[in-house]
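Here is a short briefing to read alongside the structure. Have a look at the fold first, then follow the notes below.

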Amino acid sequence: MKSNKTILVFAALIISSMVLAACGGGGLAADPVTLNWNWGTEPPSLDPSLATDTTSVDVVGNTFIGLTKFDPVTGEVAPYLATSWESGEDADGNQTWTFHMRDDVSWVSYDAESGKVVKDSEHKTVTAHDVVYGVKRTVDPATASDYSYVLYIVKNAAEINGGSEELTVDDLGVVALDDYTVQFTLERQAGYFPAIAGMWIAYPMPQWAIEAHGETWTEPENFVSNGPYVLASWIHGGELDLAKNPFWINADDVQIEYIHGLMIEEASTAFALYENGELDSVGVPLPEMDRVKSDPVLSADYYEAPTPCTYYYGFTNTKPPFDDVRVRKAFAQSIDRQSLIDNVTKGGQIPATSFAPPGIFGAPEPGKVGLPYDVDAAKASLQSYLDEKGMTMDEFNALDIILMHNTSEGHALIAAAIQQMWTDNLGADVRVENQEWGVYLKTTQNDAPLDGMPHIWRLGWCADYPDENNWIHEVFNSDEGENRTRSDNADFNALTVAAGSADDPAEREALYEQAEQMFAEEMVAYAPIYHYTTVQVTKPWLTRHFPPLGANDFYAWTLDDAARGQ
Amino acid sequence: MLRYIIRRIFQFVPVLFAVTLFTFVMMRAIPGGPFDAIGDKTLPPQVVANIEAKYHLDWPMWKQFASYLLGDKILGEEGLSRGVLFGDLGLSLKFRGQTVNDIVATTLPISAQLGIMSVLLALLIGIPTGTIAALKQNTWMDYTSTFAAVVFISVPNLVLAPILIWIFSLKLGWFPVATWGAKPPFFLGIFPRFSQFNMSYFSHAILPVFALGTSSAAGISRLTRASLLQVINEDYIRTARAKGLREQTVIAVHALKNSLIPVVTILGPLFAAVVTGTFVVELIFGINGMGKHFVASIGNRDYPVITGVTLIYAIVLVIANLLVDITYAWLDPRIRFD
């Protein structure tokens, strides 16, 4: 009898808790227009000085605004916090960039109790001092910012960030001329600087909030920001929600009022949530690609958007037999990139023969420079090497050529396909190896022992800002970049430097094209494979862009709730 | 008994120290560091130096370990570490601004809820099916239970979980596809709050608990069957029957209790493993548990996180094993610890 009573009480408790749960929730008068989004992973940091990955940059870029932005459609530099800018020269002949800012951007935060966005009572508008603080903070070695090196173009930044004894952050080449004008002084001419000035590491930052809360200033209860959205809640590793900032400059045009963001890491699970109508837009996992393309509903949702990233195979230019340009040429020219894309990667990627992808200032048109797929030329090139060395193909294959990639299913598939192409086209035997990412980076470092260095290895590169300087110069200039290919050509190095500091955009473009051509055709230091795409499905009720760079422009998207059937 | 327990707890100290030391040293022995690169980009040396200085990775190894263990204050250094001995598991190197304590406090409760439910499910399915299989040895019931057990042991969660999602969430629409029904803050730091303890909570839990519970259930079922078959042939069971006890009493009171000793033995490690998070099930069901940190933090070279979660796992394991030993004494009166 007693136990029956216990069961009854327990049942009553469960039922009442269900009723309570059903009554709870709400709080908002009307349901806000809500985007159901998948961030994909926990953003490692929402601190603009510390953000490095796409997820963090996506959140930071929607909660803060920079001096400039990349147009979400064209990718070109456009006004944002600054309405105009011009370059000049200081007394010492250094280049300066002066940005004239708007005076109507508010600092805001989210009040979780009332569910409302509130203006900061003390610090009303975003000023040039906030920008100066943000830039200095990124460069300050105590901040320990990963991306600080992008600002090394600013006067004294490299010395200060390197822990200089004589210079402090106050010697940095950035100054507020008045409350709404900020001026940068550069180390050397940089026509691409307006793009860098709009990056998250140079955002205006709330000094008072950062100093009051230290490392926890990015938690929702402490977060102060100035962008189209505010941080409404953040359950680490689980969910991150953004709410519309009604005080934002273009708030009237922002239609999506709330972004409910999950952090589903497994692509197939996110895709299942999409099919179940719980997410409005997701990436398509490779195994689903064929089904999506053939399904009448899903294929209508499908979109391939180019992403400014390039997948490439580097050659170790100092390791025999790849120290000979003819061997490198033979291997580069016997990769059938289109076949690889059609049969393996399947996402409509663009075959690459040069480094910087379309949309990057100075990037050559795809296919214009570089070595095309040409089996006869490849064979001839290898034969000429073999003849000179008096080698047979068997002797060549006895050199045990290694292609290495970091451990990943996708890289393994690509490596297997290209390995087969080399066998079919050249008769070359290449051994494929893989290593865990951190180990792999050490193995292929440009000062790692040559013995352990593979002959051929994969890497990718994605744009930080849309200019060739970020590509051919920062990656392959052996004086300044990391250049894992170990190629060393003084003419090439001089060319990328000249292209970066030239004044005339047309001249810069021409010089970059020359540099791309030299690196891919004459030096053949590497074999570009393809330019990335992101393959997404989007529900018909969501109208969105696919910004090639930086954060998603949620503020410009629209969502038709009626069509969704809410 | 109490003296035994106290003695065991003292024995935990060297075990946990060794676990911490090994994890700490071995992780740092792997080539590559946490700040070598952003994506495919290598960082300039002075940038790496700034970050390493902030997290004291530029210190000699013994000093880093001392700082991790005892805190920076005792070493007379300025720093952020308060020491594992004082409950501070350190700062995550990957998730800048988050402490390992924060990460554990957010994710461990969810893993524990999932784990406890799946162990309960495993026992609820495993012991009865194992018992029936043993009592009805070589009948269709035995064969069915054996067959089911082999299937659930053999099919990995990596396969089972997506199939469950496809059938029960996408095709039938009975359960949610993914995520967990409870969010922090948790009741007593572990359990879902009363307002979240509802139908939605259970409907989110059913598929992952099933996926995680069935493979353990299969193991428990096989073990119960084998052990019970052995016990049934013991002399004391014959005695019990001979003195005229009802068959139900013989099985429930005398046979089953003794046959559970092997089951309890595997329950300790099993409990520790599932309660601290399972990588595959949590990943596929999009559950924000601790399992992912065991795997991701190695790739990230996030030293404090991997050391922290390993230590938590070790603590749960030694406690679970202690509980197992205590349960032995209850199950088998011949076992005495004093």
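Chain B has 12 helices and 2 strands, where helices (H or I, at least four residues) and strands (E, at least two) are DSSP runs numbered from the N terminus. This is a predicted model, in which local features need pLDDT of at least 70 and side-chain atom pairs count only at pLDDT 80 or more, while totals for chains, interfaces and linings use all residues. Residues are numbered from 1 along each chain as its sequence is written, and chains are lettered from A and ligands numbered from 1 in the order in which they are written.

**Chain B**

- Read from the N terminus, the elements of chain B follow the order α-β-β-α-α-α-α-α-α-α-α-α-α-α.
- The C-alpha trace of chain B spans about 80 × 60 × 40 Å along its principal axes.
- Of the 338 residues in chain B, 39% are buried; a residue is buried if 20 or more other C-beta atoms lie within 10 Å of its own, exposed if 12 or fewer, and partly exposed in between, with C-beta atoms placed from the backbone.
- In chain B, 69% of the contacts between residues at least 6 apart in sequence join residues at least 24 apart; two residues are in contact if their C-beta atoms, placed from the backbone, lie within 7 Å.

**Where the chains meet**

- Contacts link 46 residues of chain B with 47 residues of chain A.
- On the side of chain B that touches chain A, at least two residues each come from β1 (37-38), α2 (45-54), α4 (100-135), α6 (157-171) and α10 (279-284) of chain B.
- The largest share of that side, 5 residues, is supplied by α2(B).
- By type, the residues on that side of chain B are 22 nonpolar, 16 polar and 8 charged; Ala, Val, Leu, Ile, Met, Phe, Trp, Tyr, Cys and Pro count as nonpolar, Asp, Glu, Lys and Arg as charged, and the others, Gly among them, as polar.

**Chain A overall**

- Chain A contains 19 helices and 21 strands.
- Its radius of gyration is 27 Å, close to the 24 Å that the globule rule gives for 566 residues, so chain A is as compact as a globular protein of that length; the radius is taken over C-alpha atoms, and the rule is 2.2 Å times the number of residues to the power 0.38.
- Buried residues account for 48% of the 566 residues of chain A.

**Helix α12 of chain A**

- The 15 residues of α12(A) (residues 375-389) should span 21 Å at 1.5 Å a residue, and the end C-alpha atoms are 21 Å apart, which agrees; the expected span is 1.5 Å times one less than the number of residues.
- Which residues of α12(A) are buried? They are A:A378, A:S381 and A:L382.
- The face turned away from the buried side of α12(A) carries the exposed residues A:D376, A:D387 and A:E388.
- Cover for the buried residues of α12(A) includes α10 (325-333) and α14 (409-426) of chain A.
- Just after α12(A), A:G390 has a positive phi of about 65°.

**A buried glycine in chain A**

- A:G227 is in the loop between α6 (207-213) and β10 (229-235) of chain A.
- A:G227 counts as buried because it has 25 C-beta neighbours inside 10 Å.
- A:G227 and A:I65 are 162 residues apart in sequence, yet their C-alpha atoms are 5.2 Å apart in space.
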